[in-house]
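Me: I would like to go through this structure by asking what each label rests on. Please set the value against the criterion each time.

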Amino acid sequence: MKTFIATLLIITSLQAKDYVVDQKNKTFMPGEMHVKVGDTITFKNSDPFSHNAYTDDEDNEFDIGMQATGTEKTVKIKKAGEFHIECAIHPNMLIKVKVDE
Amino acid sequence: MKKFLLLSLLPLFLFAKDGKTIYAETCASCHGENGKAETGVKLVVKPRSLHKSILTKKQMFQIIKHGAHDFGARSDIMPSFKYVYNDKEIESVANYISNSFNSNIKKKLKNLLPTQNISVEKQKKMLSIGKNIFQKRCAKCHGIRGDGESEYVEMSKANSKFIYPYNLQKILLTQNQIFLFSKYGSKYWGANKNNMPAWLVKYNDYELKSVAKYIEEKIKN
């Protein structure tokens, strides 16, 4: 049984994908994403100033805090649904995210 | 005694330079002859276009006399001219700038302000709404106390081109001006870039008015 669960976990983790979002010219790229529960999103900052990606969505709430130029930060998608990711200091930055089970 | 005072003040009026002359010899090198700041001067914070300034004549007088730093600027290098020109001269240059480049500012501010009334019930909630938005958004750059000290500043100040956020405790703007500045962003009001973004894409007038109220009543000195 333990072996079965471990195998299942390994398969699940292997299936999870990491999506990279670049932040450049005060824009999230891409601006729309279609992901699955368990996937991760890695935020890169290619701008010469800081960003702060976050979402207020109750099911997937996160706030990565101030992110310096040239750094990466990763978040995990927890629940299915649709939500927006924004930057706390640049109000025009927006990603529409759709999450499947 | 009165005669003596009048005579001693006479040189000030006789030799005081008029606003147009002062503007041409001092201000135009940065703000341009036409006030549009199209001079190509190389500064981290480019001089503001005076045609779009949010400042009233009286506020311009204060900025010219004391410099932008006294009113919260930490990167702008608009200096103080209180040791260069007397009050009369500063007043005349403020008048010249205002009348030549920005004569309809009061009307413009009035026209941009929403006219709908906010119910008493809603007004009671404004400070808490303003505080919430301020702490979630404004404080990221301006700091939780609004003094311009934040994690964002700490992370960015090694960059020589970094533009420091304003110390909001010292700003000259009125509550209505804070509302309009945060709604439309700094570029709309004459800055070269939108370092202060236009928050109208994220918040409605009621929310931005709440933030302005919070800054006016709880942050400003």
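Reply: Begin with contact: two residues are in contact if their C-beta atoms, placed from the backbone, lie within 7 Å. By that criterion, 19 residues of domain 1 of chain B are in contact with 21 residues of domain 2 of chain B. The model is a predicted one.

Me: What makes up the side of domain 1 of chain B that touches domain 2 of chain B?

Reply: That side of domain 1 of chain B divides into eight nonpolar, six polar and five charged residues. Helix H3 of chain B gives the most to it, with three residues.

Me: How do you know where the two domains of chain B lie, and what separates their centres?

Reply: The bounds come from a domain assignment, which gives domain 1 as 2–109 and domain 2 as 113–219 of chain B. Taken over C-alpha atoms, the centres of the two domains are 25 Å apart.

Me: Which residues of H3(B) are buried, and what covers them?

Reply: Met60(B), Phe61(B), Ile63(B) and Ile64(B) are buried in H3(B). Helix H4 (87–101) of chain B is among the elements that cover the buried residues of H3(B). Just after H3(B) comes Gly67(B), with a positive phi of about 90 degrees.

Me: Why is Ala37(B) called buried?

Reply: A residue is buried if 20 or more other C-beta atoms lie within 10 Å of its own. Ala37(B) has 20 C-beta neighbours inside 10 Å, so Ala37(B) counts as buried. Ala37(B) lies in the loop between helix H2 (19–31) and helix H3 (57–66) of chain B, and has a positive phi of about 60 degrees although it is not a glycine.

Me: Why is Asn25(A) called exposed?

Reply: The cut-off for exposed is 12 or fewer. Asn25(A) has 9 other C-beta atoms within 10 Å, and is therefore exposed. The residue is found in the loop between strand S1 (18–24) and S2 of chain A. Phi of Asn25(A) is near 50 degrees, a positive value in a residue other than glycine.

Me: How do you know that the length of helix H9 of chain B agrees with its number of residues?

Reply: The expected span is 1.5 Å times one less than the number of residues. Helix H9 (residues 205–219) of chain B has 15 residues and should span 21 Å; its end C-alpha atoms are 20 Å apart, so the two values agree. Buried residues of H9(B) include Leu208(B), Val211(B), Ala212(B), Ile215(B) and Ile219(B). Helix H6 (120–142) and helix H8 (175–184) of chain B are among what covers them.

Me: What makes S2 and S7 of chain A edge strands?

Reply: They belong to an open sheet of four strands with the order S2-S1-S4-S7 (chain A), and each of the two pairs on one side only. On average, neighbouring strands of this sheet are turned by 25 degrees against each other, direction ignored.

Me: Which residues form the covered and the uncovered face of S4(A)?

Reply: In strand S4 (residues 40–45) of chain A, the covered face holds Ile41(A), Phe43(A) and Asn45(A), and the uncovered one Thr40(A), Thr42(A) and Lys44(A). In a regular strand the side chains alternate between the two faces of the sheet.

Me: Which strands are at the edges of the open sheet of five strands in chain A?

Reply: The order of that sheet is S3-S9-S8-S5-S6 (chain A), with mixed pairing. S3 and strand S6 (62–63) of chain A are the edge strands, as each pairs on one side only. Within the sheet, strand S8 (residues 81–87) and strand S9 (residues 94–100) of chain A pair in the antiparallel sense over six bridges, and Phe83(A) has Val97(A) as its bridge partner in S9(A).

Me: What makes the peptide bond between Met29(A) and Pro30(A) cis?

Reply: Its omega is about 5 degrees. Pro30(A) lies in the loop between strand S2 (27–29) and strand S3 (32–36) of chain A.

Conventions:
Residues numbered from 1 in each chain as written. Chains lettered and ligands numbered in written order. Predicted model: local features only at pLDDT ≥ 70, side-chain atom pairs only at ≥ 80, totals over all residues. Pairing = 2+ DSSP bridges. Domains from an automatic or database assignment. Nonpolar A, V, L, I, M, F, W, Y, C, P; charged D, E, K, R; others polar. Axes fitted to C-alpha atoms, helices over the stretch in contact; angles between N-to-C directions.
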